Amino acid sequence: LPWPIITPPITNESAIEGTSFTTPLTITGDPFPVSSNIVITKDGVTVQDGRITVNIGSGNGTSSFTIENVNRTNSGSYTVNVTTTAGSDTAVVNLDVYYLPEFVEVPLQRQAFNESS
């Protein structure tokens with residue numbers, strides 16, 4: 001197949017804040033796409049964060065979508081678009097980031113009293 005193809009076309013994933021996240025993508029095509037042929041967008045905006053990458057395997061086959069040091073703002077829908085002279089294809093990675101709960105307000109100070117008689 002001469003045009004680029006990314007599989008799976010849609011993947012739903014989750015990650016834990018503070019970890020690294022990787023999901024496999026199979027990218028094929030002739031000519032084989034190189035990293036300069038890949039554009040990543042999140043919620044429709046081009047990603048300019050160096051922690052978010054698509055690593056191209058050597059030759060047709062397994063590549064990966066990676067986010068280093070995931071944080072809660074990384075939740076969202078990522079589109080990976082691969083373009084060559086033969087055409088283009090797109091895959092979507094939907095990512096939910098889980099994180100520990102935190103206080104939104106400082107708890108009130110409370111003091112316990114011993115009610116002994």
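I looked up T83 and found that T83 stands opposite S88 in strand 9. Strands here are DSSP runs of E, at least two residues long, numbered from the N terminus. The model is predicted: local features need pLDDT of at least 70, side-chain atom pairs count only at pLDDT 80 or more, and totals for chains, interfaces and linings use all residues. Residues are numbered from 1 along each chain as its sequence is written, and side-chain values use heavy atoms, with hydrogens and water left out.

Next I checked strand 8 and strand 9. A hairpin of two residues connects them, and they run antiparallel with nine bridges. I count two strands as paired if DSSP finds at least two bridges between them.

On strand 9 I also found strand 2 (residues 10-16), paired in the parallel sense over seven bridges. There E13 stands opposite L95.

Strand 4 pairs with strand 8 in the antiparallel sense over five bridges; T41 stands opposite T79.

I then read the order of the open five-strand sheet as 2-9-8-4-5, with mixed pairing. Strand 2 and strand 5 (45-46) are at the edges with a single partner strand each, so one side of each has no neighbour in the sheet.

Last, I looked at the largest nonpolar core, which has 20 residues; F21, I40, F65, I67, Y78 and V80 touch the most other members. Strand 9 gives the most to this core, four residues. Such a core is a set of buried Ala, Val, Leu, Ile, Met, Phe, Trp, Tyr and Cys residues joined through side-chain atoms within 4.5 Å; buried means under 20% relative accessible area (1.4 Å probe, protein chains only).

Methods
Buried < 20%, exposed > 50% of the residue type's maximum accessible area, 1.4 Å probe, protein only.
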